[in-house]
Amino acid sequence: MWAFIHKLGSPKWFYAISARLQPWFWALAILLLLVGSVWGLVFAPSDYQQGNSFRIIYVHVPAAILAQSCFVTMAVAGVIFLVWKIKIADMAAAVIAPFGAAMTFVALFSGAVWGMPTWGTWWVWDARLTSMLIQLFLYLGVIALRGAFASRDSGSRAASVLALVGVVNIPIIKYSVDWWNTLHQPATFTLTERPAMPVEMWLPLLVMVLGFYCFFIALTLTRTRNEILRRESAKRWVRELVAGTARRG
Amino acid sequence: MAFDSFLALLAMEGHAPYVWSAWGLTAVLLIGSALYARAERRHLLRDLQRRQRRERHAGREDAHES
């Protein structure tokens, strides 16, 4: 087990194994997102109360779930980097942060344009909305902090610590709809219970959530590989790899 | 199918601006980040190739001088 983790922590080994994994995740992401989009936009029945504005759920819920998963992943990677000094974990954390921020923004924006036809307002200082806005600021803080130091290592450590501290916001987001009974409805989508939605509305949502996760894995693999090239460019194996791609054109 | 025609799908029964702006932003950000990752890889490889070529040339000139 430990040998495996150390091997995974080696950039060279990660670069090789991710080369074989990433095409599958990209293909799966594209397939699931296309199927889920057509299903959700065209074939799913419209909601008897909300009409067609309910179709926003198919981007809102996956983005919101993924935005939180990204944050937890980033914080776990931060711990791995802080405790075991595994560089690859820090590279992953660095590329996850902007994507997590983008997904948080998608969740907030799609929530706002869903709120207007449904609640009659773009924004309220509801517990769920506010804690999600705080998560966006935490992401921006992590990204800014990483770049605010002259040495990369200091930036990495500061970003890891902020990510770790920021995890406290995750249970607040999750339970906000139960603790404070304000405007945002409780979760409609959980893995543990039967959904309150009919199957023909719920299945495309499941496909979209899986598609978003595959996209996240694929993007993180690809961009972590880029980060390896950038940071390890002086290493012998990277130099040989670059020379090899030059010959192939 | 939930719609009678393609135009009905676009109109979303009056909810078009809400539905399509949310979906549009999502599509732009997902496609944009995928394209960015690909462009980033190309730029990195090109830069590294250029740097190695420069270093090789510099090495050869050093060899001539000595």
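Me: In what order do the elements of chain A run from the N terminus, and how many helices and strands are there?
Reply: From the N terminus on, the elements of chain A run α-α-α-α-α-α-α-α-α. Helices (H or I, at least four residues) and strands (E, at least two) are DSSP runs, numbered from the N terminus. The secondary structure of chain A comes to nine helices and zero strands.

Me: On what kind of model and numbering does this rest?
Reply: Residues are numbered from 1 along each chain as its sequence is written, and chains are lettered from A and ligands numbered from 1 in the order in which they are written. Local features need pLDDT of at least 70, side-chain atom pairs count only at pLDDT 80 or more, and totals for chains, interfaces and linings use all residues, for this is a predicted model.

Me: What percentage of the residues in chain A is buried?
Reply: A residue is buried if 20 or more other C-beta atoms lie within 10 Å of its own, exposed if 12 or fewer, and partly exposed in between, with C-beta atoms placed from the backbone. The C-alpha atoms of chain A fill a box of roughly 60 × 35 × 35 Å along the principal axes. Of the 249 residues in chain A, the buried ones make up 40%.

Me: What is the radius of gyration of chain B?
Reply: Chain B has two helices and zero strands, and its C-alpha trace spans about 80 × 20 × 15 Å along the principal axes. Of its 66 residues, 14% count as buried. The radius of gyration is taken over C-alpha atoms, and the globule rule is 2.2 Å times the number of residues to the power 0.38. A compact globule of 66 residues would have a value near 11 Å, whereas chain B has 26 Å.

Me: Where does UniProt place the feature "transmembrane region" in chain B, and how far apart are the end C-alpha atoms there?
Reply: The unreviewed UniProt entry places this feature at residues 20-37 of chain B; UniProt positions are given in the numbering used here, feature names are shortened, and annotations may be inferred rather than shown by experiment. Over residues 20-37 the chain is 100% helix and 0% strand, and the end C-alpha atoms are separated by 25 Å.

Me: How far apart are the end C-alpha atoms of residues 56-84 of chain A?
Reply: For chain A, the unreviewed UniProt entry lists "transmembrane region" at several spans, including residues 56-84 and 129-149. Residues 129-149 are 90% helix and 0% strand, with end C-alpha atoms 32 Å apart. Residues 56-84 are 97% helix and 0% strand, and their end C-alpha atoms lie at a separation of 42 Å.

Me: Why are the buried residues of helix 6 of chain A on the same side, and what arc do they cover?
Reply: The buried residues of helix 6 are A:S156, A:A159, A:S160, A:L162, A:A163 and A:G166. The arc is that of the directions from the helix axis to the C-beta atoms. These residues lie on the same side of helix 6 because they cover an arc of only 165°.

Me: Which residues does A:L164 touch, leaving aside those up to four places away in sequence?
Reply: A:L164 belongs to helix 6 of chain A and is partly exposed, with 15 other C-beta atoms within 10 Å. Its C-alpha atom is separated by 8.4 Å from that of A:V72, 92 residues apart along the chain. Two residues are in contact if their C-beta atoms, placed from the backbone, lie within 7 Å. On that basis A:L164 touches A:A75, A:G78 and A:V79.

Me: Is A:K85 buried or exposed?
Reply: A:K85 is found in the loop between helix 3 and helix 4 of chain A. Its phi is near 60°, a positive value in a residue other than glycine. With 11 C-beta neighbours inside 10 Å, A:K85 counts as exposed.
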